[in-house]
Amino acid sequence: MGRVHVLDHPLIQHKLSLVRDKETGAKEFRELVEEISLLMAYEVTRDLPLKEVEIETPVGKARTKVIFGKKLGIIPILRAGLGMVDGMLKLIPAAKVGHIGLYRDPETLEPVGYYCKLPPDVEERELIVIDPMLATGGSASAALNFIKQKGARSIKFVCLIAAPEGIERLRRDHEDVDIFVAAIDKCLNEHGYIVPGLGDAGDRLFGTK
C-alpha cells in the first residue's frame with residue numbers, strides 16, 4: 001500500500017502560507033511554487049540508491065557516494081503542474097520531462113484527457129507526477145492510469161495541497177503509489193475546490209480567470 005507523506009519542513013510550510021494568501025500576485029506565486037517544489041523534491045528523492053566510487057580531491061583519494069541505478073522522470077499534469085517543473089529540475093536536472101493534459105468537466109467533475117507525451121523509456125524510470133492540487137482525485141487517478149498504460153512501473157505523486165477525498169481516491173485506485181503533500185486541508189466545497197486551499201492554481205500561476 002502506498003504511503004502518504006506530509007512534508008512539514010518549516011520552509012515548506014512558511015512558503016505555502018504565502019502561496020495561499022489571496023494578495024500574492026502571479027509573479028510571486030510562480031516563484032513560491034517553484035521554491036516549494038524544489039524543497040519537496042529533496043524529500044521525494046530521499047530513497048534514491050547510492051553506490052560508492054573513488055574520486056581524486058585536490059588533497060588525495062576519497063571513497064564517496066553517487067546516485068546509482070535509477071533514472072528519473074518528471075510528469076506535470078497540465079496546466080498547473082507546469083509551475084512545479086523548474087523547481088524539481090533545479091535539484092534533479094538529468095530527469096526527463098513528460099506531459100499529461102487533462103481538464104475537469106465542470107458539470108460531472110470527471111477528468112477528460114487530451115494529451116499524453118512521456119519519455120520513451122518510461123518503464124525504466126521512477127516517475128514523479130506533479131500537480132499543485134489533489135482535489136477530487138479524478139484527474140490524478142486518470143493521469144496515473146495513462147502512465148501505467150504506457151508501461152510505467154514506479155510512480156510517486158507530488159502535490160502542494162490535498163483534500164482528504166483526493167487522497168482516499170488515489171489510495172483506492174492506485175495503492176502502489178506514494179503520495180507526497182505539503183498540507184492536507186479540510187474538505188472539498190460543492191464546486192470541487194479544496195477548502196481552504198489556495199483557489200485555482202492554474203489561474204494564479206498564469207494570471208488567467
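## Salt bridge between Asp185 and Arg20

In this predicted model, aspartate 185 and arginine 20 form a salt bridge (a side-chain nitrogen of Lys or Arg within 4 Å of a carboxyl oxygen of Asp or Glu), with 2.8 Å between the closest N and O atoms. Aspartate 185 sits in the loop between β11 (178–184) and β12 (187–188) and arginine 20 in helix α1 (residues 10–20), so the pair ties together parts that are 165 residues apart in sequence. Helices (H or I, at least four residues) and strands (E, at least two) are DSSP runs, numbered from the N terminus.

Aspartate 185 is buried, at 10% relative accessible area, and arginine 20 is partly exposed, at 25%. Buried means under 20% relative accessible area, exposed over 50%, and partly exposed in between (1.4 Å probe, protein chains only).

## Other salt bridges

The structure holds 18 salt bridges. One of them joins glutamate 34 to lysine 90, with the closest N and O atoms 2.6 Å apart. Glutamate 34 belongs to helix α2 (residues 26–44) and lysine 90 to helix α3 (residues 85–91), so this pair ties together parts that are 56 residues apart in sequence. Glutamate 34 is partly exposed at 21% relative accessibility, while lysine 90 is exposed at 56%.

Glutamate 124 and lysine 71 also meet through their side chains in a salt bridge (3.0 Å, N to O). Glutamate 124 lies in the loop between β7 and β8 (125–130) and lysine 71 in strand β4 (residues 71–78), so parts that are 53 residues apart in sequence are tied together.

## Annotated binding site

An unreviewed UniProt entry carries a "binding site" annotation that covers residues including Arg79, Arg104, Ser139 and Asp200. UniProt positions are given in the numbering used here, feature names are shortened, and annotations may be inferred rather than shown by experiment.

Arginine 104 lies in strand β6 (residues 99–104) and is partly exposed, with 26% relative accessibility. Serine 139 is part of helix α4 (residues 138–149). Not counting residues up to four places away in sequence, serine 139 touches Ile77, Leu102, Arg104 and Pro111; contact means heavy atoms within 4.5 Å.

## Basis of the values

Residues are numbered from 1 along each chain as its sequence is written, and side-chain values use heavy atoms, with hydrogens and water left out. Local features need pLDDT of at least 70, side-chain atom pairs count only at pLDDT 80 or more, and totals for chains, interfaces and linings use all residues.
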